[in-house]
Amino acid sequence: MSDATTGSRAPRPAETAQDAGSRAPRPAESAVEVRGVDKVFETRTGQVQALDGIDLTVAAGEFVSLIGPSGCGKSTLMRLIADLDDPTAGTLTVFGKSSRQARLDQEYGIAFQQAGLLPWRTVAANVALPLELHGVASADRRSRVAQLLEMVGLGDFADRYPDQLSGGMQQRVAIARALAEQPRLLLMDEPFGALDEMTREKMQTELVRISAETGAAVVFVTHSIPEAVFLSDRVVVMSPRPGRIQQIVPMRLGADAARAARTEELREERTFFDMVTAVREALHGGSPVASGARGVETR
Ligand SMILES: Nc1ncnc2c1ncn2[C@@H]1O[C@H](COP(=O)(O)OP(=O)(O)OP(=O)(O)O)[C@@H](O)[C@H]1O
């Protein structure tokens with residue numbers, strides 16, 4: 001039946017199928033969609049299959065950690081999401097866009113293990129860099145940088161240089177820089193891996209607060225089970241190479257489940273230990289275990 005006979009209206013020029021496909025992302029859209037992704041590296045000694053059939057959806061505002069034995073492809077998956085490499089098969093989208101388009105549109109901020117600050121720029125100038133590159137006016141830049149440094153507790157360090165800061169402070173500068181353009185997604189690959197345990201726990205608490213405050217989705221690679229449990233809404237457990245998703249464990253942390261409510265006390269709660277155990281068992285394929293998997297810390 002034609003539209004004329006059913007009485008329904010014909011599509012207006014702005015509503016053709018082609019246009020509908022290019023509309024701005026809907027608010028309910030997922031932050032990341034990974035569908036059937038494989039990654040094979042060609043090396044001089046042959047092929048290395050790093051990822052095999054990865055399917056993963058990260059919702060807008062969700063905090064998802066990737067954990068698994070050394071070499072299982074966590075960083076590779078992160079690099080594919082960030083468009084730093086291409087998948088051998090499958091598709092990745094970020095807020096409904098190809099990962100390439102999402103990179104061009106600055107849809108995400110990145111913080112990796114090394115803070116990666118420019119040593120000749122002050123703390124403020126490091127944080128301002130992405131804003132400068134995108135032509136934000138200098139008055140707006142100054143106020144945004146001041147706000148970001150307050151957020152990460154470095155308001156008094158704007159004029160220092162990176163080598164005058166501790167490792168934890170440098171990481172906070174890197175996080176402020178990653179947040180500069182108010183991304184809806186943060187990609188973090190072991191950002192606290194090089195920090196001492198006390199600083200690391202402080203940074204985790206900061207990150208929980210910041211992610212709750214900004215509503216950004218986070219994809220976070222870690223080797224530490226307690227870190228994954230403390231931070232995440234869901235923990236994705238990967239198998240040894242070729243990396244597959246072995247299990248996705250939702251974090252059920254009782255009354256303290258809301259990210260904004262996660263404080264130091266949570267680390268002493270029964271539900272926290274239960275979740276650590278659940279992730280450890282998932283790493284070992286569902287069986288109770290006495291020790292951690294290779295490359296995974298249980299502390
Ligand atoms: N550019 C590359 N060329 C060849 N092989 C690579 C390349 N990058 C990664 N690999 C291989 O792919 C596999 C997955 O590596 P990846 O770095 O993603 O693992 P990971 O889980 O992040 O490891 P780790 O926990 O030790 O950081 C490894 O076997 C690695 O040697």
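Biologist: Hi! Before we start, what kind of model is this, and how are residues numbered?
Modeller: The model is predicted, so local features need pLDDT of at least 70 and side-chain atom pairs count only at pLDDT 80 or more, while totals for chains, interfaces and linings use all residues. Residues are numbered from 1 along each chain as its sequence is written, and side-chain values use heavy atoms, with hydrogens and water left out.

Biologist: Thanks. How many helices and strands does the protein chain have?
Modeller: The protein chain has ten helices and ten strands. Both are DSSP runs numbered from the N terminus: helices are H or I with at least four residues, strands are E with at least two.

Biologist: And what share of the residues is buried?
Modeller: Of the 299 residues in the protein chain, 43% are buried. Buried means under 20% relative accessible area, exposed means over 50%, and partly exposed is in between (1.4 Å probe, protein chains only).

Biologist: Which domains is the chain divided into?
Modeller: Domain 1 covers 30-107 + 183-285, and domain 2 covers 119-182. Those bounds come from an automatic or database domain assignment. The C-alpha centres of domain 1 and domain 2 lie 25 Å apart. Their contact takes 15 residues from domain 1 and twelve residues from domain 2, where contact means heavy atoms within 4.5 Å.

Biologist: Let's look at the ligand. How many residues surround it, and which are the closest?
Modeller: The ligand is surrounded by 14 residues, and the closest are S70, G71, K74, T76 and H223. A residue is near a molecule or strand if one of its heavy atoms lies within 4 Å of it.

Biologist: Where does the largest share of that shell come from?
Modeller: From α3, with three residues. Both β1 (32-43) and α3 (74-81) supply at least two residues each.

Biologist: How do the shell residues divide into nonpolar, polar and charged?
Modeller: There are four nonpolar, seven polar and three charged residues in the shell. Here Ala, Val, Leu, Ile, Met, Phe, Trp, Tyr, Cys and Pro count as nonpolar, Asp, Glu, Lys and Arg as charged, and the others, Gly among them, as polar.

Biologist: Which atoms come up beside the ligand's oxygen atoms?
Modeller: An N or O atom in the side chain of S70 is 2.6 Å from an oxygen atom of the ligand. For R241, an N or O atom in the side chain is 3.1 Å from a ligand oxygen, and for C72 a polar backbone atom is 3.1 Å from a ligand oxygen. The protein covers 64% of the 630 Å² of accessible area that the ligand has on its own; such areas come from the Shrake-Rupley method with a 1.4 Å probe, and for residues, only the protein chains shown count as cover.

Biologist: You mentioned R241. What kind of peptide bond joins R241 and P242?
Modeller: A cis one, with omega about 0°. P242 sits in the loop between β9 and β10. In general, most peptide bonds are trans, and most residues other than glycine have a negative phi.

Biologist: Now R244. Where does R244 lie, and what is it in contact with?
Modeller: R244 lies in the loop between β9 (234-238) and β10 (245-250). Leaving aside neighbours within four places in sequence, R244 is in contact with D52, I54, V237, M238 and S239. Its side chain makes a polar contact with the side chain of D52, at 2.8 Å. A polar contact is a pair of N or O atoms within 3.5 Å; within protein, one must be able to donate a hydrogen and the other to accept it, and residues adjacent in sequence count only if both atoms are side-chain atoms.

Biologist: Last one: why is helix α5 described as largely enclosed?
Modeller: Because eight of the eleven residues of α5 (residues 123-133) are buried. Those buried residues pack against α6 (138-151) and α7 (167-179).
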